[in-house]
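Q: I would like to go through this structure step by step. May I begin with some questions on how its chains meet?

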Amino acid sequence: MPNRRRRWIFFALAIGVGVAAGVFIGYGPAAVETENAELRTLRIDYLTDYTLMVSELYQHEGNAAMAAARLIYIGDPSPKESVETAIAFAQDNQYAPKDLQLMLDLADAIRNLNLDPESNQ
Amino acid sequence: MNDNTREFHPQQDPPIKPSHWYLLTGVIIGLLLGLVYALWINPVAYQDSHPASLSKPYKDAYRSMIAQVYAATGNFERAVLRLELLEDEDPVFALGAQAQRTLAEGKETEAKALALLASALQAESSLQQGFPIMIPTATLELVPTQTLPGVTPVP
């Protein structure tokens, strides 16, 4: 095999090894150390606790629109679904009745806000 | 040919050994390409993440929520448990720095809540060390008298 051609082949192999190493580092240690997650990617128990915090604030402020805005900030376009998912998780995991009631009250308030665009037509 | 004739062998240059630096160059180029692909073109999708791995703006929002809930409910134990999830190196400093930033943005109520929780945490810490101190009660109207450290947070 001509020497020049052999060098090109080894060069391409070296690039391949480098790409593999780069992808391994990028998906491994670099990804783990990076703090870049969004709220909507939180584990369900943390999301439920966030929804509980929104419920606690709603009980204090009485502002359903503000509560809905805080839930939309998570990244889920449907605050109603966010709360219902949180309530389902809370019921399955025996949350305190007081906390459950706060989330149920928030769910009622958001339902009454009528945020669904289809029903407003 | 007579005896004075000698065979002349011109001195040959030693053979040039091929350099292998091109392999290292290839690995470096590949490494950069791989990192660009993994970190920018097709980055890892987070799921089931922990609050400590949230990006800075989301961590600030989470911290602010904890403080506002504490200001509204007064439940200090719960606020501490929630703050621990963020795994801040110095929660009091983080709260205080955020309170200053929030105040500079004109969000007074939010800044007060952050400052209140920072004060309560600092008071609790002093109490545990044996220093007698008043623990501020959680009402939004209360302005903490303790001056927060004016240290610029290091990114």
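Q: Which residue forms a salt bridge with D99(A)?
A: This is a predicted model. In it, D99(A) forms a salt bridge with R78(B), and the closest N and O atoms are 2.7 Å apart.

Q: How many salt bridges are there across the interface of chain B and chain A?
A: The rule finds 4 salt bridges across that interface. Over all chains, a search of the whole structure finds 13 salt bridges.

Q: Which residue does E56(A) meet in a salt bridge?
A: The side chain of E56(A) meets that of R82(B), at 3.1 Å from N to O. This pair crosses between chains: E56(A) lies in helix 3 (residues 44–61) of chain A, and R82(B) lies in helix 3 of chain B.

Q: And what about polar contacts, how many residue pairs are there between chain B and chain A?
A: The count is 12 residue pairs in polar contact, with both residues at pLDDT 80 or more.

Q: Which helices of chain B supply at least two residues each to the side that touches chain A?
A: They are helix 1 (21–41), helix 2 and helix 3 of chain B. Helix 1 gives the most to that side, with 14 residues.

Q: What classes of residue are on that side of chain B?
A: The side of chain B that touches chain A has 27 nonpolar, 13 polar and 4 charged residues.

Q: How many residues are in contact, counting each chain?
A: On chain B, 44 residues are in contact with 37 residues of chain A.

Q: How much area do the two chains bury between them?
A: Chain B and chain A bury about 3600 Å² between them, and 66% of this is on carbon and sulfur atoms.

Q: Changing topic, how many cavities of 30 Å³ or more does the structure hold?
A: The structure holds 1 cavity of 30 Å³ or more. About 30 Å³ of space lies in the largest cavity.

Q: Which residues line the largest cavity?
A: The lining consists of I66(B), V69(B), Y70(B), T73(B), N75(B), R78(B), A79(B) and R82(B). Helix 2 (56–73) and helix 3 (76–86) of chain B are the elements that give two or more residues to this lining.

Q: Which helix gives the most to that lining?
A: Helix 2 of chain B gives the most, with 4 residues.

Q: What is the lining like by class?
A: The lining of the largest cavity has 4 nonpolar, 2 polar and 2 charged residues. R78(B) and R82(B) are among the lining residues; R78(B) also forms the salt bridge with D99(A), and R82(B) the one with E56(A).

How values were computed. Residues numbered from 1 in each chain as written. Chains lettered and ligands numbered in written order. Predicted model: local features only at pLDDT ≥ 70, side-chain atom pairs only at ≥ 80, totals over all residues. Heavy atoms only, no water. 1 Å grid on protein atoms, 1.4 Å probe; cavity = no way out; pocket = protein on both sides within 12 Å on 5 of 7 lines; lining within 4 Å. Points joined across faces, edges and corners; volume = space filled by probe spheres on them. Nonpolar A, V, L, I, M, F, W, Y, C, P; charged D, E, K, R; others polar. Contact = heavy atoms within 4.5 Å. Buried area = accessible area lost by both parts, 1.4 Å probe. Polar contact = N/O pair within 3.5 Å; in protein donor to acceptor, adjacent residues only side chain to side chain.
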